[in-house]
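I opened these notes to record what I looked up in the structure shown below. The entries take the domains and then the cavities.

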Amino acid sequence: MSEKQQKLLKELYEYNREATVLSSCGAVLNWDERTYMPRGGAENRANMISLISGMVHEKQTSPRIGEIINELLIGGIDAEEDSVDAANVRELKRDYELSIKIPKSLIEELSKTITLAQGRWQEARAKSDFPAFLPWLEKVVKLKQQVAEALGYEGKPYNAMLDIYEPGATTDEIIETFERLRDELVGLLEKIKSTGKEPDTSIITRDFPVELQKKFGVKASQAIGFNYDGGRLDETAHPFCIGFGPGDTRITTRYNKNHFPGAFFGILHESGHGIYNQGLLAEHYGTPCGESISLGIHESQSRMWENMVGRSKPFWKYFFPKAQKTFPDALCNVSLDQFYFAINDVRPSLIRIESDEATYNLHILLRFEIESAFFNGDLNLKDVPFIWNENFEKYFGIKPPDDARGCLQDVHWSAGFIGYFPTYTLGNLYAAQFFAHADKEVGGLHAQFEMGDFKPLFDWLRKNIHIHGRRYRAQELVKKVTGQPLSHKPLIDYMTKKFGELYGF
Ligand code: ZN
């Protein structure tokens, strides 16, 4: 690389490093707001966060960045496609274009509208009154369609939304996988139902003292590899994970004395996100190669540790005796099999966030089908409740009694998060495909879990996924790591085996 190119790169990285450090400051404010801030601090905190966001945006949209990227590309920086610098420039070009293409007036109008729309959505949900929310949904969707036009897209407008959260993904590519997954899941659910078997879930709603839940959760998250020298676990109303940069990743949870799985699997889930954050290389902090790839890949890490590890029998062969010692009153007369069945109870439910591992994706697929249709102009917004209820009955075999427990249950559309839902299912698909491949390469993961040894899987994820940052796009990473494009099969195979054994089919 010429001296000139090196100087330009250095300047570009310096811009981005400052923006990243500022974002990290914003993350600290955000974490504090959601954990310890007294209610009285809300207004000033909003000012603080908004000032920092403005500063980050200003840094990221400096015309100088566009000039440098152009010069670097003219100089042929992208010739070595696989190099870290080429990947950084490719991703910084994407970020830069995303941030300058949307006019400031549109950003401001959208920001005002979604604040109001979320308030109206809350009221509408409380009264189960979809018509009251409809005009606001129309406003949000119209503005987001303008965003899609400003960003540009190939094919359908929804692709522009998807690309924000899952760079490079297109509706056409995932629709086939999703449809196959949906048909298989509906079949799986029918099989489960037809066995008539049900676990005794009262086991997991006994008395589980919060202090002991906390201790037990920390132990398990440490065992799978969350590093508490570079992280903390705190409490919050709506659990999340947030990284402040190298050496400091925060996870959160919410305890319920009479519901063991909520906090425990929540901790494993957020630890999965946290382990990914902790695995990003500090030397790349401030450049895309030091950042996570996409929401889907992030979710693949949390779901893998939560479900494929944490809800597996081998995991509990190791941890159940410890759980019995920690919670003797609740678990002394419970067998491992009873407990394992109770934490893997499958039953169709109306509410997405309360759903189990097997039905969860059906909730997502339903939303994806509806939002992509209305965003592309193939479905009138006023018909959303009708389509929702009709499809819900088709997939789950039950009918939502009202819109509060139907199409009004999620905050996403009122908040303008269109294109976000599919990343949850992409996460589950990636997780299953990665896990199956890791098991092939490492060998005997389950036998290792039984011994309390999670390091081989942890190391495999570090080497194959975490350390790359945004060097590869998600679709490319999956192919590179597993040798295959994304498919519905590993997830279906995993679920069929697991639930087949549990329910006996
Ligand atoms: Zn998550």
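Into which domains is the protein chain divided? I worked from a predicted model. I noted domain 1 at 3-152 and domain 2 at 171-503.

Next I looked up how the two parts are placed. I found 26 Å between the C-alpha centres of domain 1 and domain 2. For contacts, I recorded 41 residues of domain 1 against 42 residues of domain 2. I took the area buried between the two domains as about 3,600 Å², and I noted that carbon and sulfur atoms give 62% of this area.

I then turned to charged pairs. Between domain 1 and domain 2 I counted three salt bridges. I also listed a salt bridge that joins the side chains of Glu-91 and Arg-470, at 2.9 Å from N to O.

How many cavities of 30 Å³ or more does the structure hold? I found two.

I classed the lining of the second largest cavity as five nonpolar, three polar and two charged residues.

Technical notes: Residues are numbered from 1 along each chain as its sequence is written. This is a predicted model: local features need pLDDT of at least 70, side-chain atom pairs count only at pLDDT 80 or more; totals for chains, interfaces and linings use all residues. Side-chain values use heavy atoms; hydrogens and water are left out. On a 1 Å grid over the protein atoms alone, a cavity is a set of points where a 1.4 Å probe fits but cannot get out, and a pocket is an open set with protein on both sides within 12 Å along at least five of seven lines; lining residues have an atom within 4 Å of a point. Grid points are joined across faces, edges and corners, and a volume is the space filled by probe spheres set on the points. Ala, Val, Leu, Ile, Met, Phe, Trp, Tyr, Cys and Pro count as nonpolar, Asp, Glu, Lys and Arg as charged, and the others, Gly among them, as polar. Domain bounds come from an automatic or database domain assignment. Contact means heavy atoms within 4.5 Å. Buried area is the accessible area (1.4 Å probe) that two parts lose on being put together, summed over both. A salt bridge is a side-chain nitrogen of Lys or Arg within 4 Å of a carboxyl oxygen of Asp or Glu.
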